[in-house]
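Take a moment to look it over before reading on.

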Amino acid sequence: MPASSHQTNRWQHAWYPVAFLRDLDPSRPTPFTLMGNDLVLWFERSCGAWRALADVCPHRLVPLSDGRLNAAGELECPYHGWTFNGEGRCTAIPQATDGSSIGARSHCRSYATSTGQGLLFVFSGDPAEAPSQPLPLVPVIEEPGWVVQDTFRDLPMDALTLLENVLDVSHVPFTHHATVGRRENAGPVELELTSFGPEGFTGLWQEGPRRGKLGSQFTTYAAPSLMWHDLTAKGFARILTVVYATPMRRGECRLFARFPFQFNSPWPARLLGLRPQWLQHLGNHVVLEDDQLFLHWQERVLEQRGGSQEVMRSFHLPTSADLYVRALHNWVNRYGSEPFPGECLPPRQTRRALMERYEAHTLHCRSCSGADRRLRQLQPLSWAVAAIAAVASAWLGPGLWGAVALLVAVGFAAAGLRMASWLQLLRYGSGLPPRNR
């Protein structure tokens, strides 16, 4: 059933996360693209709030995100110094004579912003509509006792393709074999829809993953861009898998993935706390890349066959394992349309481009960009110490101190190689999923 003309704008009138607050720098502007619109995100000191404006100066159309926050705490254009406040009003034109008025054409479009659960949200539609729309939060995370691991990445696929993938519980044993799944755990997947309507749907997998060993799994799709699975593994933890799919442009979205745990014992949380966040993110990349290559291909085949409106003819969905996929496309066709109706996907990317991590994540992540910077500083030092120790070992010759120097040389050389590997992984994935190794 096609969406009505009123409902086709559902994606254009919604709150979307655009960044984890911890990854934003309040001292400088940050660019972001939401629903095909270029934005500049910045922190207005005078009111202590994050702001979002159209990332284009009305004067000569250059990006304001290349500007700065001036001494008054306002956003200054890099080209001619025009200045804007958080509401998008132009407050200063240095080239204007004293007493000149600043007209409405000098102002920028502003977007409604809000924060919640560690995320910055931007409303894609008219700011006047924003107060009537609740933020897409996960209520249960407000409860005490959660340990939350987060990551994000810009993905070369539509938000709808990402949602279809994460709602598909039956692909995990095969696609993610040797990362978070095992082929031997595959079996019949009997899904049930427990509700369906304009706000999304809910579902139940009574048996749950790993042939029932982990307990029942509950799924919520909060239209248009949020879904989560809720699973209680008896004797271990309650585990959520939360995914936001923020549409950036046709064929590209930003994934925000959250993995909250309520452990029965304090020890798993302590162990997780020992691992640096950037190392966790490297592991997250591997899992994401398990299916990134073929999803980029799949959505182009679906586009050629008519997109979501023709999905029941294009896909062959003979089992109940695909119930959530059918429900998602039913919601799209009844209530929400696609994020970018009528727009064509960009050309297919190369395998190397699909494995790119630096622009897709590292550059925008405070933890990973910090690790990248430190590793680039430490690696030459490691090579230098290894070389000096090797020379010292040769000069000292056989004996205790010569052996100690040799061990130092080997240790620092190994550390240099390890750092070189990490630096490479912060930039690119291997393109060879663990399931195929």
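Helix 1 and helix 6 cross in a right-handed way (the near helix is turned clockwise from the far one by less than a right angle). The contact, meaning heavy atoms within 4.5 Å, involves Leu-160, Leu-163, Glu-164 and Leu-167 of helix 1 and Tyr-324, Val-325, Leu-328, His-329 and Val-332 of helix 6. Sorted by type, the contact residues are seven nonpolar, one polar and one charged.

How do the axes of the two run? Those of helix 1 (residues 159-167) and helix 6 (residues 323-336) come within 8 Å and cross at roughly 150°. That makes helix 1 roughly antiparallel to helix 6 (the label for angles over 145 degrees).

A word on the source: this is a predicted model, where local features need pLDDT of at least 70, side-chain atom pairs count only at pLDDT 80 or more, and totals for chains, interfaces and linings use all residues. Residues are numbered from 1 along each chain as its sequence is written, and side-chain values use heavy atoms, with hydrogens and water left out.

Now for the cysteines. Searching the whole structure turns up zero disulfides (a disulfide being a pair of cysteine sulfur atoms within 2.5 Å). Cys-90 is in no disulfide, and its nearest cysteine sulfur belongs to Cys-57. For Cys-368, the closest cysteine sulfur, in Cys-365, is too far for a bond. Both Cys-90 and Cys-368 count as buried (under 20% relative accessible area, with a 1.4 Å probe and protein chains only).

| Cys-90 | Cys-57, 7.3 Å | 5% |

Notes. Axes are lines fitted to C-alpha atoms, for helices over the stretch in contact, and angles run from 0 to 180 degrees between N-to-C directions. Helices (H or I, at least four residues) and strands (E, at least two) are DSSP runs, numbered from the N terminus. Angles under 35 degrees count as roughly parallel, over 145 as roughly antiparallel, 65 to 115 as roughly perpendicular and the rest as oblique. Ala, Val, Leu, Ile, Met, Phe, Trp, Tyr, Cys and Pro count as nonpolar, Asp, Glu, Lys and Arg as charged, and the others, Gly among them, as polar. Buried means under 20% relative accessible area, exposed over 50%, partly exposed in between (1.4 Å probe, protein chains only).
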